[in-house]
Amino acid sequence: MESVKISPYTIPGEMAEMKACSLFMNSGKHHFLFNPEFGTSILLDGVHTDQILSGAPGDDLQFKLIQRGFMEVPGSNSCISGESIMPSFFIIDLTQACNFRCAYCFRHLNQKSTTISDHNLEAIVGYISDHCLRNNLTDVNVQPWGGEPLLAWKKIIRMHDLFLEKGLRPIFVIESNAGLITKEIAAEAFSRDIRIGVSIDGPPDLHNSQRKLASGRPSFEKMYEGMQNLRNAGFGQRHGVITVLTRNGYPYVEEILEYFAVELSIDRLRLNVVKDSPMMKDKNLCLTEDEITDFNLRLVKKLIELNRRGYPITEINVMDKLNNLLTRKRVNICNSRGCMGGKKMVAFDQDGRIFPCDITDYKEEAVGSVFDGKNLIEMLEQAHLQNQFFRPKQDPDCSGCDWAFFCKGGCTNAILYKKGEISGIDRQECITNKTLYPALIQMIIHEPEILKTMTKNQIEIV
Ligand code: SF4
Ligand code: SF4
């Protein structure tokens, strides 16, 4: 695919000016015009592409270009791209205990097994509720976090009840190893609409090679039983799936996806490449930069193949990036337009300290505490001026990069875990963006009919 940088130009006889943008051209009937300043796009046919290239867009095209911020009329309102500070997603560290010992875990579980006290839990719920009520947020999105959060199931239920008593609508999302999901827990989760995502790393042998029970025994059977309990309780296939891709799984990306789609009837999963951290015991599990590129290309290719064969499976990172390219919706609360930590989400540790993301092992990164008597927005505004977490992330490559609007240097947390300080960019996300976005543009141009299933009916190109 060819990428052409369009330099700013004025159109003879018109007030509006065309801004710098990128045109992705391929052999297909359509081409993709992308506006790196605001993350907006337009699919162009051959005639309109020629108009852009010759510096003379027609009236109908100019209208669309102005709407999407490619052209600016002097004196008119321009596109807005800022993000206000208004957390609506709350991660709460309930327990550091875990019944599994995964090869890539970077929490030192053998040394820590504390669980939050009722007093602190109630203080955190009260603090979040005050914030939501003060700012007219009726939905409160909560991720109970650990360790294995289901070890603190009773606390999760208590928390759910407390939010209901405050008149809020709690939307709970839990990521679990599923080893503790009994029929009773599954039934209660279903009746409360508590969403549980299950961690599965692939077919049994691969899963067992990196996800073991605390006893050292393989965990696939336990996970499978928990997942079946969820399905039978009424969730069907609508539970989430989280997969961590390590060097062990890298050669088998296609097999993993085939197994999920065909054997487990999974229609969406989040496939995360393992993040590098000095605290991870086995360095050999991390992928090289070339392997990350190769993985992303194979991921898109295999998803397309499965969808063509009638298996409507998608991957959440792919779905989020398709949404970025085509709708610019903020579908991902974490990183739709750069890191949203401390803007749209915050995390609480077991002592009530508040963090911009789930970096509760780094106490110095706390922005305050629920016991400080300060309101959350003011606390975060202050932290944005002082804390290293909020410094812009930069690399010489970033200026002029097409994906900077969405990326903004990647995940702050990933940088902190890898380097022990926040400096530079998140290389893993950088490589992923530079590979996935062009691959997805190719898909948009050549396989538009697949977008409907790949985005779970959010986008359809007619
Ligand atoms: S630090 Fe990373 S995980 Fe946390 S909000 Fe930012 S991008 Fe998301
Ligand atoms: S980190 Fe990489 S992908 Fe992100 S804006 Fe910078 S150069 Fe672009």
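**Figure 1. Arginine 328 and helix α10.** Just after α10, arginine 328 takes a positive phi of about 60 degrees. Most residues other than glycine have a negative phi. The model is predicted, so local features need pLDDT of at least 70 and side-chain atom pairs count only at pLDDT 80 or more, while totals for chains, interfaces and linings use all residues. Residues are numbered from 1 along each chain as its sequence is written, and chains are lettered from A and ligands numbered from 1 in the order in which they are written. Helix α10 spans residues 316-326 and is mostly covered, with nine of its 11 residues buried. Helices (H or I, at least four residues) and strands (E, at least two) are DSSP runs, numbered from the N terminus. A residue is buried if 20 or more other C-beta atoms lie within 10 Å of its own, exposed if 12 or fewer, and partly exposed in between, with C-beta atoms placed from the backbone. The buried residues of α10 are Asn317, Val318, Met319, Asp320, Lys321, Leu322, Asn324, Leu325 and Leu326.

Figure 2. Lysine 408 has a phi near 50 degrees, a positive value in a residue other than glycine. Lysine 408 lies in the loop between α12 (404-407) and α13 (412-419). The residue is buried, with 21 other C-beta atoms within 10 Å of lysine 408. Asparagine 457 is not a glycine, yet has a positive phi of about 70 degrees. Asparagine 457 lies in the segment after α15 (451-454) and counts as exposed, with 9 C-beta neighbours inside 10 Å.

**Figure 3. The shell around ligand 1.** The residues around ligand 1 are Cys334, Asn335, Cys339, Met340, Gly341, Met345, Cys357, Cys411, Thr412 and Asn413. A residue is near a molecule or strand if its C-beta atom, placed from the backbone, lies within 6 Å of it. By class, this shell has six nonpolar, four polar and no charged residues. Ala, Val, Leu, Ile, Met, Phe, Trp, Tyr, Cys and Pro count as nonpolar, Asp, Glu, Lys and Arg as charged, and the others, Gly among them, as polar.

**Figure 4. The shell around ligand 2.** Ligand 2 is surrounded by 13 residues, of which the closest are Cys398, Cys401, Ala404, Cys407 and Cys430. Helices α12 and α14 (427-446) each supply at least two residues of this shell. Helix α14 gives the most, with three residues. The classes around ligand 2 are seven nonpolar, three polar and three charged residues.

**Figure 5. Packing of helices α8 and α9.** Helix α8 (residues 253-263) packs against helix α9 (residues 289-308) at an angle of about 35 degrees, and their axes are 9 Å apart. Axes are lines fitted to C-alpha atoms, for helices over the stretch in contact, and angles run from 0 to 180 degrees between N-to-C directions. Val253, Glu254, Leu257 and Ala261 in α8 meet Phe295, Arg298, Leu299, Lys302, Leu303 and Leu306 in α9. Two residues are in contact if their C-beta atoms, placed from the backbone, lie within 7 Å. By class, the contact of α8 with α9 has seven nonpolar, no polar and three charged residues.

**Figure 6. Leucine 230 in helix α7.** Leucine 230 lies in α7 (residues 220-235) and counts as buried, with 26 C-beta neighbours inside 10 Å. Not counting residues up to four places away in sequence, leucine 230 touches Ile181, Ala186, Ile196, Phe235 and His239. Alanine 187 is 43 residues from leucine 230 in sequence and 7.6 Å away in space, C-alpha to C-alpha.

**Figure 7. The open sheet β1-β4-β5-β6.** Four strands form an open sheet in the order β1-β4-β5-β6, with antiparallel pairing. Two strands pair if DSSP finds at least two bridges between them. The edge strands β1 (2-6) and β6 (40-44) each pair on one side only. Strands β4 (residues 21-25) and β5 (residues 31-35) pair in the antiparallel sense over three bridges. Phenylalanine 24 stands opposite phenylalanine 32 in β5.

**Figure 8. Strand β10 and its partners.** Five of the seven residues of β10 (residues 139-145) are buried, so this strand is largely enclosed by the rest of the structure. Strand β8 (residues 89-93) pairs with β10 in the parallel sense over five bridges, and aspartate 93 has tryptophan 145 in β10 as its bridge partner. Strand β11 (residues 169-176) also pairs with β10 in the parallel sense, over four bridges. Valine 140 stands opposite proline 170 in β11.
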